[in-house]
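Here is a brief report on one protein chain. Please keep the sequence and the model in view while reading.

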Amino acid sequence: MGGGDLDRPRYGDIEPPAVAWGGGPCALAEAARMNLAGIREDVAVIDVLLQDIARRPVDLADPDWQAKLSASVSPVEEAGVAAEAAAALTALLDAYEAGGEEVRDEVRQVFRAHRAFSWGVALSGGWPSATAEFRRRLVHISARDQSEDPRDELVGLWELCAWARGRGVDVEPIIHAVADISGEVDHFGMGSTRLLILRGLEHR
């Protein structure tokens, strides 16, 4: 891709802890913290490349706008950074799960400081189970620490939980575990991300 800086790897894979949600082993948490600087640099480059796409207006007067939007390629594919964006997102979420509160807070800041990246880079494919997919998507919501419209975030959360329940996932312990590592700041007057995650317990 253009820009050069993303053509070389700057951080390795960080495996999330198997059991401890409140922070992994010390060495793993330290590795997560040290890798964040390189991840942040790559996210900043990707964010710049996505900004024009994120700002592109949607013609809501066009009766076919939803179909056209669905048929379009993803923002990261259009920007030519799909592989790099997927690697950066994976590294961020692995660090979020492996690190302590200081690391998690830094990951939240990365998402909040790079809105085009947060908007345009999504999780994709290759899940070993519905439970694994549900947990990872919930961690993604937690790490993003709310979009500019938390109402959309809440609706998306309810849809995700309904999807998981429909596939037999025991959502309650996963919701509580992810809520325990989520932010406590109320950014938009609708409650913290921790409280938002806990609203997934509501049956919708």
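**Overall fold**

This is a predicted model. The chain holds 10 helices and 0 strands. Along the sequence the pattern therefore reads α-α-α-α-α-α-α-α-α-α. Of its 204 residues, 41% count as buried. Take the contacts between residues at least 6 apart in sequence: 75% of them join residues at least 24 apart.

**Helix 4 and helix 5**

Two packed helices are described by the angle between their axes and the distance between the axes. Helix 4 covers residues 82–98, and helix 5 covers residues 101–113. Their axes come within 8 Å. The crossing angle is roughly 150 degrees. Angles over 145 degrees count as roughly antiparallel, so helix 4 and helix 5 are roughly antiparallel to each other.

Which residues make the contact? Helix 4 supplies Leu 89, Leu 92, Leu 93, Ala 95 and Tyr 96. Helix 5 supplies Val 103, Arg 104, Val 107, Arg 108, Val 110 and Phe 111. By class, the contact residues of helix 4 with helix 5 divide into 9 nonpolar, no polar and 2 charged.

**Salt bridges**

A search of the whole structure finds 11 salt bridges. Three of them are set out here.

| Salt bridge | N to O distance |
|---|---|
| Glu 97 and Arg 136 | 2.8 Å |
| Arg 104 and Glu 101 | 3.1 Å |
| Arg 199 and Glu 202 | 2.8 Å |

Start with Arg 199 and Glu 202, whose side chains meet in a salt bridge. Arg 199 has 31% relative accessibility, so Arg 199 counts as partly exposed. Glu 202 is partly exposed too, with a relative accessible area of 27%. Elsewhere, salt bridges that share partners join Asp 94, Glu 97, Arg 135 and Arg 136 into one network.

Is Arg 104 buried or exposed? Arg 104 has 4% relative accessibility; buried means under 20%, so Arg 104 counts as buried.

**Helix 7**

The buried residues of helix 7 are Glu 133, Phe 134, Arg 136, Leu 138, Val 139, His 140, Ile 141, Ser 142, Ala 143 and Arg 144. What do the buried residues of helix 7 pack against? They pack against helix 4, helix 5, helix 6 (115–120), helix 8 (150–166), helix 9 (171–180) and helix 10 (193–198). Just after helix 7, Asp 145 takes a positive phi of about 60 degrees.

Methods: Residues numbered from 1 in each chain as written. Predicted model: local features only at pLDDT ≥ 70, side-chain atom pairs only at ≥ 80, totals over all residues. Heavy atoms only, no water. Axes fitted to C-alpha atoms, helices over the stretch in contact; angles between N-to-C directions. Helix = DSSP H or I, 4+ residues; strand = E, 2+ residues; numbered from the N terminus. Parallel < 35°, antiparallel > 145°, perpendicular 65-115°, else oblique. Contact = heavy atoms within 4.5 Å. Nonpolar A, V, L, I, M, F, W, Y, C, P; charged D, E, K, R; others polar. Salt bridge = Lys/Arg side-chain N within 4 Å of Asp/Glu carboxyl O. Buried < 20%, exposed > 50% of the residue type's maximum accessible area, 1.4 Å probe, protein only.
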